[in-house]
Amino acid sequence: PGGGYWGLADHEGEPVARALNHAGFHAAVLQYRLASDGHHHPDMIHDAQRGARLLRHHGWDKLAVLGFSAGGHLASTLTVHHDRFTSDADDLAATVAARPDAAVLCYPVIDMAGPHTHAGSRHGLLGDPFDPALAELMSTHRHVSADTPPTFVWSTGDDAGVPVHNGVQFAMACRDHGVPAEIHVYETGPHGIGLGESHENAHTWIGFAAAFLRRHLLE
C-alpha cells in the first residue's frame with residue numbers, strides 16, 4: 001500500500017491482493033514500517049527485502065512486487081536495490097534472494113531528487129533535512145540496470161498528487177537498459193484510486209497487469 005511513507009492505505013492492500021487472487025495469483029500484503037512511528041530509510045527497504053525472502057523461503061518460486069504511490073517507490077527500490085542496504089538482522093540474506101522477478105508500479109513515487117519529487121514521501125523516507133546523495137540514490141529511475149526485472153507501470157495523466165513523470169521516467173529507464181516494460185497512462189484520474197473500480201477507464205489496469213505478470217512469471 002501507499003501512504004507517503006506516513007501511513008498505509010487500506011484500499012491499496014487487501015482488496016488488491018484479493019483481485020490478484022481472482023486473477024490466479026497468490027498475494028500477500030506487506031505492512032512496512034513508517035515515518036509516523038519514527039522509522040526512516042533503510043527500515044522500509046529492509047522490510048521489503050525481508051518480505052520477499054520470507055515468501056521465497058516458504059516456497060514462492062516466482063515473485064513479483066506491486067506497490068502504489070510511496071509503496072510504488074518501495075517496490076521500485078526493491079527492483080533496483082534488492083542487494084543493497086541489507087539488514088544484518090536478516091538471517092535469510094545470505095541464502096535467499098530478494099530480487100523480484102517482475103514489478104507492478106501503480107502511480108508510483110520515483111524521483112527523490114529532481115523537479116517531480118513528491119516532498120511528503122521524501123520527508124517520510126529520508127527525514128528532514130535529508131542527505132542529497134541519498135536522495136539521488138533513492139531516485140530509483142537513475143539506478144535501473146539490465147538486472148532490473150520486467151516492470152509494468154500505470155498512472156493518470158493529470159495526477160495532482162504524484163506527477164505522471166515519475167512512472168514514465170522509470171519505464172523509459174527500463175527501455176533504455178533493455179528491460180521489458182509496459183506503461184499505461186490514463187487520460188484523467190485522481191491520485192490514490194487503487195483498483196479504480198469507479199473510474200471509467202483506469203479500472204482496466206489490473207487486467208493488463210495480470211496479463212503482464214503471466215507473461216513474465218508463468219510462461
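These legends accompany close-up views of a predicted model.

**View 1. The largest nonpolar core has 33 residues.** Tyr5, Leu74, Leu78, Leu105, Met112, Leu125 and Phe170 touch the most other members. Five elements each supply two or more residues: helix 2 (43–57), helix 3 (70–80), strand 2 (102–106), helix 4 (119–126) and helix 6 (165–176). Helix 3 gives the largest share, 5 residues.

**View 2. Tyrosine 5 and its contacts.** Leaving aside residues up to four places away in sequence, tyrosine 5 touches Tyr32, Leu34, Ala35, Ser36, Met44, Ala70, His73, Leu74, Met112, Ser121, Gly124 and Leu125. Of these partners, Leu74, Met112 and Leu125 are also listed, with Tyr5, among the core residues that touch the most other members.

**View 3. Tyrosine 5 pairs with tyrosine 32.** The whole structure contains 7 aromatic pairs. In this one, the ring centres are 6.2 Å apart. The planes meet at 70°, so the pair is edge-to-face; the cut-off for that class is over 60 degrees. Tyrosine 5 sits in the segment before helix 1 (14–22), and tyrosine 32 in the loop between helix 1 and helix 2. The pair therefore ties together parts that are 27 residues apart in sequence. Both tyrosines are buried.

**View 4. Phenylalanine 152 pairs with phenylalanine 212.** Their ring centres lie 5.8 Å apart. The planes are at 55°, so this pair is tilted. Phenylalanine 152 belongs to strand 3 (residues 151–156), phenylalanine 212 to helix 7 (residues 205–218). The two are 60 residues apart, and the pair links distant parts of the chain. Phenylalanine 152 has 0% relative accessibility, so it counts as buried. Phenylalanine 212 is buried as well, with a relative accessible area of 1%.

**View 5. An aromatic cluster and a charge over a ring.** Ring pairs join Phe68, Tyr107, Trp154, Tyr186 and Trp205 into a cluster. Elsewhere in the chain, arginine 84 places its charged end over the ring of phenylalanine 85. The distance to the ring centre is 5.9 Å.

**View 6. Proline 42 in its loop.** Proline 42 lies in the loop between helix 1 and helix 2. Tyrosine 32 is in this loop too. Proline 42 has a relative accessible area of 27%, so it is partly exposed. From proline 42 to alanine 89 is 13 Å in space, C-alpha to C-alpha. In sequence, the two are 47 residues apart.

Conventions: Residues are numbered from 1 along each chain as its sequence is written. This is a predicted model: local features need pLDDT of at least 70, side-chain atom pairs count only at pLDDT 80 or more; totals for chains, interfaces and linings use all residues. Side-chain values use heavy atoms; hydrogens and water are left out. A nonpolar core is a set of buried Ala, Val, Leu, Ile, Met, Phe, Trp, Tyr and Cys residues joined through side-chain atoms within 4.5 Å. Buried means under 20% relative accessible area, exposed over 50%, partly exposed in between (1.4 Å probe, protein chains only). Helices (H or I, at least four residues) and strands (E, at least two) are DSSP runs, numbered from the N terminus. Contact means heavy atoms within 4.5 Å. Rings of Phe, Tyr and Trp (its six-membered ring) pair if their centres lie within 6.5 Å; planes under 30 degrees apart count as stacked, over 60 as edge-to-face and the rest as tilted. A charge sits over a ring if NZ of Lys or CZ of Arg is within 6 Å of the ring centre and within 35 degrees of the ring normal.
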